[in-house]
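Here is a briefing for a reader who is new to this structure.

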Amino acid sequence: MKLSHFNFDLPEELLAERPSDIRDESRLMVLNRKDQTIEHRLFKDVIEYFDEGDVMILNNTKVFPARLFGNKEKTGARIEVFLLRELNEDQRLWDVLVDPARKIRIGNKLYFGEDETLVAEVIDNTTSRGRTLRFLYDGSYSEFRRKLTELGETPLPKYIKRDVEPEDEERYQTIFAKNEGAVAAPTAGLHFSKHLLKRLEIKGVELPEVTLHVGLGTFNPVEVEDLSKHKMDSEEISIGNASTEIINKAIQDKKRVCAVGTTVMRTIESSVSSSGLLNEYSGWTNKFIFPPYDFSIANCMITNFHTPKSTLLMMVSAFAGHDFMKRAYEEAVKEKYRFYTYGDAMLII
């Protein structure tokens with residue numbers, strides 16, 4: 001498969017600027033791979049496709065306010081800093097993206113906050129867009145993290161042109177978010193309401209959790225036509241024993257095992273035993289899934305509608321089948337489904 005196979009015309013007005021009024025009342029397109037049929041539902045109807053003993057695997061990562069705005073020393077130029085990954089807790093080292101990148105050199109200092117109490121020094125140019133910053137802060141580590149949270153804002157994706165609003169703080173977070181570390185939300189999980197989760201539990205659907213801290217790997221554009229030459233940025237994952245036991249039992253009992261989101265799918269496919277079961281794991285993954293690919297753990301997935309040429313679309317193509325995915329996306333554009341982060345959802349069974 002080539003990059004050009006994943007291009008399609010996406011009208012700009014279909015990019016969702018705001019979340020649906022009620023989490024579980026976004027639209028849901030249901031793709032049945034066996035029958036090659038497409039249904040149009042609401043997300044809360046997802047419960048009708050699951051029975052007792054089936055499993056929905058959730059990503060419990062929590063987004064932290066990763067976008068900061070600072071001023072460059074001497075010139076006072078406004079610089080946006082997007083925190084990507086903490087490299088060293090003691091030295092306050094972070095990998096970041098800066099914008100505009102051309103204005104920042106090694107040795108430059110950046111000042112944050114009205115009182116400029118937080119200062120950072122650029123110590124490395126790691127990539128064409130990325131930098132490594134050392135934050136110069138005298139307080140304790142917990143005070144430093146509090147300061148970052150206080151000065152940071154919800155890191156909405158760049159395609160959302162409006163300013164961050166108070167509701168984004170809550171809506172750009174899943175209701176089961178608990179392990180802080182993501183710079184973007186695992187968007188398929190945004191559709192779940194407390195009420196829907198409770199109904200699923202009552203029905204006997206198991207809801208094990210894994211963690212993938214969403215970073216640049218999920219969103220980095222593919223810039224090579226030959227997909228095998230694309231390198232994914234590593235992201236941190238964790239799969240605990242309790243979750244592996246629930247998931248493996250469902251596999252052995254031939255139940256429906258649903259990955260809620262591409263991040264969950266990448267996580268579970270990164271730690272598969274030789275017998276096709278899930279292993280406990282804590283570490284990093286740079287797994288890139290594109291067609292053709294044999295999935296080992298999940299036989300069902302929930303995902304949002306993705307942008308052209310994205311790695312996320314490539315995974316959906318591998319799971320649904322390329323031609324079926326293309327037909328579904330043509331239908332989604334025609335039916336005006338909402339795309340991307342705050343958009344509608346797809347269930348592939």
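Buried means under 20% relative accessible area, exposed over 50% and partly exposed in between, with a 1.4 Å probe and protein chains only, while helices (H or I, at least four residues) and strands (E, at least two) are DSSP runs numbered from the N terminus. This is a predicted model, in which local features need pLDDT of at least 70 and side-chain atom pairs count only at pLDDT 80 or more, whereas totals for chains, interfaces and linings use all residues. Residues are numbered from 1 along each chain as its sequence is written, and side-chain values use heavy atoms, leaving out hydrogens and water.

**Enclosed helix**
- Eight of the eight residues of helix α6 (residues 262-269) are buried, so this helix is largely enclosed by the rest of the structure.

**Aromatic rings**
- The whole structure holds 18 aromatic pairs, counted when ring centres of Phe, Tyr or Trp (its six-membered ring) lie within 6.5 Å, with planes under 30 degrees apart stacked, over 60 edge-to-face and the rest tilted.
- The rings of Phe43 and Phe192 have centres 5.1 Å apart and planes at 80°, so they pair edge-to-face.
- Phe43 is buried at 0% relative accessible area, and Phe192 is likewise buried at 0%.
- One aromatic cluster is formed by Phe8, Phe305, Tyr329, Tyr337 and Phe339.
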